[in-house]
Amino acid sequence: METIKVNLGQRSYPVYIGEDLARVGKVATDFHLGKKVLLVSDDQVDELYGEKVRASLQEAGFCVSLAKVPPGEIHKSLSQTIKLYESCVESKLDRDSTIIGLGGGVIGDLAGFVASTYLRGVDFVLLPTTLLAQVDSSVGGKVGVDLPQGKNLVGSFYQPRFVYADLTVLKTLNWQQVKEGLAEVVKYGMIKDAEFFGWVEKNLERIKALDLEAIDFAVRRSVEIKAKVVEADERELKGKRQILNFGHTIGHAVEASSGYRSYTHGEAVALGMIGAAIIAERMGYFPSPMVERLKGLLEAIGLPTCIEGVDEEKIREALQLDKKVRKDRLHFVLPRKIGEVFLTAEVSPDLIKKTLQDLTK
Ligand SMILES: NC(=O)c1ccc[n+]([C@@H]2O[C@H](COP(=O)([O-])OP(=O)(O)OC[C@H]3O[C@@H](n4cnc5c(N)ncnc54)[C@H](O)[C@@H]3O)[C@@H](O)[C@H]2O)c1
Ligand SMILES: [Zn+2]
């Protein structure tokens with residue numbers, strides 16, 4: 001089992017990368033958590049791994065209740081939050097109790113939000129089961145739910161006591177779900193580590209086959225990179241954490257303008273990364289062969305490289321809306337080279353339009 005520490009003073013925590021969820025009970029005992037645990041999962045993940053986790057926790061002496069949420073982003077909602085508060089009450093959780101989220105990013109964000117607010121905060125543990133959750137959402141402490149008006153509009157920063165990522169559970173994901181995580185893996189290479197980007201290019205076949213050694217390295221390096229960025233700017237106040245939004249400015253607009261139907265988040269981020277790369281190329285920051293290299297890798301993964309079926313004007317409208325919500329100028333994270341990005345508010349509306357027109361051809 002490997003450990004990556006997220007260093008945040010009193011809120012520091014380890015991310016364990018291992019191969020056996022049945023060890024969770026034993027790991028949890030080292031954290032001197034209270035005896036009562038509410039395990040939050042979705043129906044699908046519970047069916048696959050719930051019993052293993054429950055048995056492991058019970059064997060370690062924990063008293064476990066289960067709260068199940070139906071799978072899907074639509075259930076990352078306030079109504080499910082209320083249901084979970086009710087489960088907390090029914091299970092008689094107290095200030096010493098722990099909420100454990102077992103599942104993908106939806107369960108992590110939802111369970112974390114409930115943990116951050118129930119009794120003004122109870123202990124929280126994450127057992128991420130999708131590649132996206134292992135490389136991205138389980139690290140950094142952003143928890144929250146969606147409103148009908150937009151994604152992630154209600155939430156807080158709340159760090160878990162520990163994260164345990166079992167790589168073997170990824171075997172039951174379908175390829176579409178794996179790609180969701182790989183888009184973020186490519187993002188980490190682009191923002192911080194050219195060598196890692198090259199390693200992903202070289203080892204893509206092994207990653208696709210979910211070869212454990214390759215997946216282990218991909219997850220570990222991604223978590224290390226995200227942890228470092230979060231450590232430098234936990235609450236996104238210093239302009240440093242924003243680099244994690246590389247590909248997400250256009251990405252979010254593509255998702256929103258198509259009503260979250262045409263493209264998944266990972267696909268939209270792939271398109272957004274190419275959009276940002278083209279903008280940087282045209283502003284003279286990023287060489288064209290590098291744009292091609294990024295496109296090549298995304299294509300090899302099977303992520304889209306041009307936008308189909310979404311109107312360019314609609315995407316620009318969604319970008320404006322994003323700006324209005326944030327009461328701010330539109331910020332872009334642009335690449336300078338593979339492995340280095342910077343934040344800027346100096347991208348002209350004309351250039352955005354031209355880039356989107358080219359992407360939607
Ligand atoms: N908090 C953060 O910093 C952060 C960062 C990125 C994304 N997110 C959030 O994460 C969410 C997306 O997460 P996701 O992509 O993991 O989606 P998800 O949680 O909806 O999981 C996707 C599907 O996979 C199933 N599943 C999960 N693990 C499985 C396994 N091992 N085998 C088989 N099926 C499995 C689930 O039941 C679900 O149907 C979004 O809500 C997004 O906003 C949060
Ligand atoms: Zn993302």
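**Entry 1: Leu210.** I looked up Leu210 and found it in the loop between helix H8 (204-208) and H9; helices (H or I, at least four residues) and strands (E, at least two) are DSSP runs, numbered from the N terminus. The model is predicted, so local features need pLDDT of at least 70, side-chain atom pairs count only at pLDDT 80 or more, and totals for chains, interfaces and linings use all residues. Residues are numbered from 1 along each chain as its sequence is written, chains are lettered from A and ligands numbered from 1 in the order in which they are written, and side-chain values use heavy atoms, with hydrogens and water left out.

I noted that phi of Leu210 is near 55°, a positive value in a residue other than glycine. Most residues other than glycine have a negative phi. Leu210 is buried, with a relative accessible area of 13% (buried is under 20%, exposed over 50%, partly exposed in between, with a 1.4 Å probe and protein chains only).

**Entry 2: Leu119.** I then turned to Leu119, in the loop between helix H4 (105-117) and strand E6 (123-128). Its phi is also positive, near 50°. Leu119 is partly exposed, at a relative accessible area of 34%.

**Entry 3: H6 and H9.** I examined how helix H6 (residues 175-192) packs on helix H9 (residues 212-232): the angle is about 55° and the axes lie 10 Å apart. That makes H6 oblique to H9 (under 35 degrees is roughly parallel, over 145 roughly antiparallel, 65 to 115 roughly perpendicular, the rest oblique). I recorded that Val185, Tyr188 and Lys192 in H6 meet Ser222, Ile225, Lys226 and Val229 in H9, contact meaning heavy atoms within 4.5 Å.

Terms used. Axes fitted to C-alpha atoms, helices over the stretch in contact; angles between N-to-C directions.
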